[in-house]
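Please read the following points beside the sequence and the model.

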Amino acid sequence: MVSELSKGVRLSRELHTIRYILKKELKLWKRYPSRILFILIMPFLSILTLYFQGMGLVGGTQSSEFESFAGTQDYLVFIILGSAVFIFVSTAIWGVGNSIRREQMMGTLESIWVTPTSKITIFVGVALFDGLFSSYVAFMQLLISSLILPVNLIDLRLFVIIGIAFLLIFALYGLGFFFTGFVLIYKELEDFTNMITSAIKMVTPVSYPLSVLPAPVAFIALFIPLTYALQAIRKYMGVGESGSLYQYLGLLLVFDLIFLVVGSLFFRYAERSAKRRGAIATY
Amino acid sequence: MCPAQLGFKSLPRRHIPSQKTFIGSEAFYFVKSGDDIAIKTNDLTKIFLRRNSLMSRLKKKKKIEVRAVDGIDLEVHERELFGLLGPNGAGKTSLIKLLSTLLLPDKGTASVNGWDIEKNSFEVRMSIGLTLSSERQLYWKLSAQENLEYFASLYLLRPSEIRQRVEDTLELLGIADQRDMLIENFSSGNRQKVALARALLNDPPILFLDEPTIGLDPSFSKGFRKLIKDRINKSESKTILLTTHYMDEADQLCNRIAFINEGRIVALDTPRNLKRSIDEKEIITLNLTKASDAMVSELERLEPIHSIERYVQDDSNFMKIYTDSASSCIQDIFGILIKHGSHATYYRTSKPTLEDVFIKITGSGLDG
Ligand SMILES: Nc1ncnc2c1ncn2[C@@H]1O[C@H](COP(=O)(O)OP(=O)(O)OP(=O)(O)O)[C@@H](O)[C@H]1O
Ligand SMILES: [Mg+2]
């Protein structure tokens, strides 16, 4: 048997498909005006909340109290960085699963599933769209903070932060594949999403340093790559963290690999299982 | 220049050498076994475990097995328009989903365009177009053109050809003037046309159409059937496997029909031969207030009556009486009804239709 659609041609076509996926997602996005309002207003709301929280709790953007356990006085910068990175966490973990779930509910999933494009291409397309979207929100948060608050986060260091966030994203996509498989098997997502996201936020040093957590909880954080990304970024920015930058980055890479492998394997298992049970379209 | 660049209309009637099959807009050939079989299944079986409610799961009740597709052997020839006719839940959609790689079989094998549905799912997908019966198979918030361009990219069409190809399929189905309208504003009929356009994007040799005219009004259906038969099956030389539970549709459209009931093929032939399998020349259909076994056996003893089928439809008792001549026995039939305290609220004499054949074989009507 010979086919003229060689591997190379197929790959290049699928790269174009990603472009069409981005185009389609953007169009769908634009047809729901409330979403646009949401993304315009959201960054302001979250940043101002963090600011007022700081005013209320420590009386400003700096705190020597905070320094005693976080290793930095810069309370506000510490949590703004945490919050910006966390945006990537929720979209990367849930983006693909949510989008599969959305297509399932709209009724279009089987039409996509039956095309020759590989699932990976579709996931990458969706993930890329979400990634761009998260970058926008995170950037807006940093920009808004720098414009209206007494902090300055928009300078060349931003590129390093983005680089570290990028490393984090691989691990998150591993988790994302895992949860996408989960959607195919269990359908249920919304409540589960909120629960897991909140749990991750609680055990990792997003809004506070690990040192405030009881030892067993802090121990769990050691298995979540987000921890190392946050520590690396803060270390680099000189706000807290006592370990070495390279150690954090090394651990991040190790977890990238583990999460990607486990996540993809689980997804493959889940897809076969869904095809056996006829569960791809049902919801 | 490859054929797709020429567009549909200027496409010459394709001459496909029997050894090679054209796939997609690519010159994508492969050598097949030399026969002209487009779809072949071997003991194809799909078993679902019916999901139980939480309560019965707690009580540890056994899961119920549903044999949606039960050992089906089928051969569909190239360029044939083949119909799967059966009542709700017969397994038509499941069979189509197996063949289009959306479901994995529990037993048996199948090949589509010469490719194995499990081992070569990529090639199978390149070889087929599929429309589902759901109205929700397209993005309602996108226009027809936006939908088609997106799906064309998923069918891995050459990017430079996508626009032209979308234009050609819209033209072919006569909906080009609605290309910029959102799907949510389409009539159900035209929505089905957009779905068909999508199935044609990659110019596949084989099409699967699941209940293509379900929910469409009769006059639209008529035109749509003609389009499927004349333009898609004949001019474009597509092999089509369609499912339906409208017997007229199967009768008018299909070269051959398989009756499918409870996951099994119970009869398979041309519509004409299927109808011929009923020797009797006339059928009397009665809707009865009451039907006892004693009454039926008395009726069966009447000389001109060959056989009787009883079935329940919409909660009413129906009876079909197969006979050589209705006029010679109708008096006697009514006599027996009265004697048994029953009477007919509806009465009709007709020539055998496909549905009669179906009822005779399975003992139940097409409407479940
Ligand atoms: N995913 C599934 N899980 C469990 N059972 C299923 C699933 N899909 C179908 N079934 C069952 O399999 C049987 C065949 O269903 P199928 O949809 O193939 O029938 P159909 O002939 O297409 O009927 P219809 O005319 O209603 O479309 C039915 O009993 C149905 O309930
Ligand atoms: Mg069906």
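1. A salt bridge here is a side-chain nitrogen of Lys or Arg within 4 Å of a carboxyl oxygen of Asp or Glu. By that criterion B:Lys320 and B:Asp356 are paired, at 2.9 Å from N to O; since B:Lys320 belongs to strand E13 (residues 316–323) of chain B and B:Asp356 to helix H13 (residues 354–362) of chain B, the pair ties together parts 36 residues apart in sequence. Helices (H or I, at least four residues) and strands (E, at least two) are DSSP runs, numbered from the N terminus. Both B:Lys320 and B:Asp356 are buried, a term that stands for under 20% relative accessible area, with exposed meaning over 50% and partly exposed in between (1.4 Å probe, protein chains only).

2. The model is predicted, so local features need pLDDT of at least 70 and side-chain atom pairs pLDDT 80 or more, whereas totals for chains, interfaces and linings use all residues. Side-chain values rest on heavy atoms, without hydrogens and water, residues are numbered from 1 along each chain as written, and chains are lettered from A and ligands numbered from 1 in written order.

3. In chain A, the side chains of A:Glu25 and A:Arg102 form a salt bridge at 3.9 Å, N to O, which links helix H1 (residues 7–30) of chain A to helix H4 (residues 75–106) of chain A, 77 residues apart in sequence. A:Glu25 is buried at 8% relative accessibility, while A:Arg102 is partly exposed at 37%.

4. Ligand 1 lies between chains A and B. An oxygen atom of ligand 1 is 2.6 Å from an N or O atom in the side chain of B:Thr93.

Methods
A residue is near a molecule or strand if one of its heavy atoms lies within 4 Å of it. A polar contact is a pair of N or O atoms within 3.5 Å; within protein, one must be able to donate a hydrogen and the other to accept it, and residues adjacent in sequence count only if both atoms are side-chain atoms.
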